[in-house]
Amino acid sequence: GFSRLTFGTALLAAIVIALFGYVIEAIGGRQISPYGHGIVGFIVSAIVIYAAQFVVPGLRVTILGALLGAFVIGIVDMFIPTKVR
């Protein structure tokens with residue numbers, strides 16, 4: 001569900017996704033952030049990943065790819081939390 005990326009494009013995509021996530025967390029709080037738990041965090045993660053393709057040149061993401069990426073983020077966050085709880 002993702003286009004092939006060069007290292008520079010992948011790095012730019014990671015920065016854009018992190019910035020989108022930061023802005024969403026600043027506006028809506030931790031409960032709706034991409035790294036929050038639950039279905040809302042999952043949906044927001046998918047939207048952030050999908051929206052990044054409109055900012056990063058060369059990045060193309062399908063809806064299924066965004067959903068799978070959000071799922072992977074959720075799994076990784078379960079084992080490596082972004083904040084000590």
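Start at glutamine 53: its relative accessibility is 9%, so it counts as buried (buried means under 20% relative accessible area, exposed over 50%, partly exposed in between, with a 1.4 Å probe and protein chains only). This is a predicted model, in which local features need pLDDT of at least 70 and side-chain atom pairs count only at pLDDT 80 or more, while totals for chains, interfaces and linings use all residues. Residues are numbered from 1 along each chain as its sequence is written, and side-chain values use heavy atoms, with hydrogens and water left out.

**Stay at glutamine 53.** Glutamine 53 sits in the loop between H2 and helix H3 (63–79). Helices here are DSSP runs (H or I, at least four residues), strands are E runs of at least two, and both are numbered from the N terminus. Now show the surroundings of glutamine 53. Neighbours within four places in sequence aside, it is in contact with Leu59, Arg60 and Val61 (contact means heavy atoms within 4.5 Å).

**Zoom out to the whole chain.** From the N terminus, the order is α-α-α. Of the 85 residues, 27% are buried. Take the contacts with a separation of 6 or more: 62% of them join residues 24 or more positions apart.

**Select residues 39–52.** This is helix H2. Its 14 residues should span 20 Å at 1.5 Å a residue, and its end C-alpha atoms are 20 Å apart, which agrees (the expected span is 1.5 Å times one less than the number of residues). Colour its buried residues: Gly41, Val44, Ser45, Ala46, Val48, Ile49 and Ala52. They pack against H1 and H3.

Which residues make the contact? From H1, select Val16, Ile17, Phe20, Gly21 and Ile24; from H2, select Val44, Val48, Ile49, Ala51 and Ala52.

**Finish at threonine 9.** Threonine 9 lies in helix H1. Is threonine 9 buried or exposed? It is buried, with a relative accessible area of 16%. Leaving aside neighbours within four places in sequence, threonine 9 is in contact with Val56, Pro57, Gly58 and Leu59.

Conventions:
Axes are lines fitted to C-alpha atoms, for helices over the stretch in contact, and angles run from 0 to 180 degrees between N-to-C directions.
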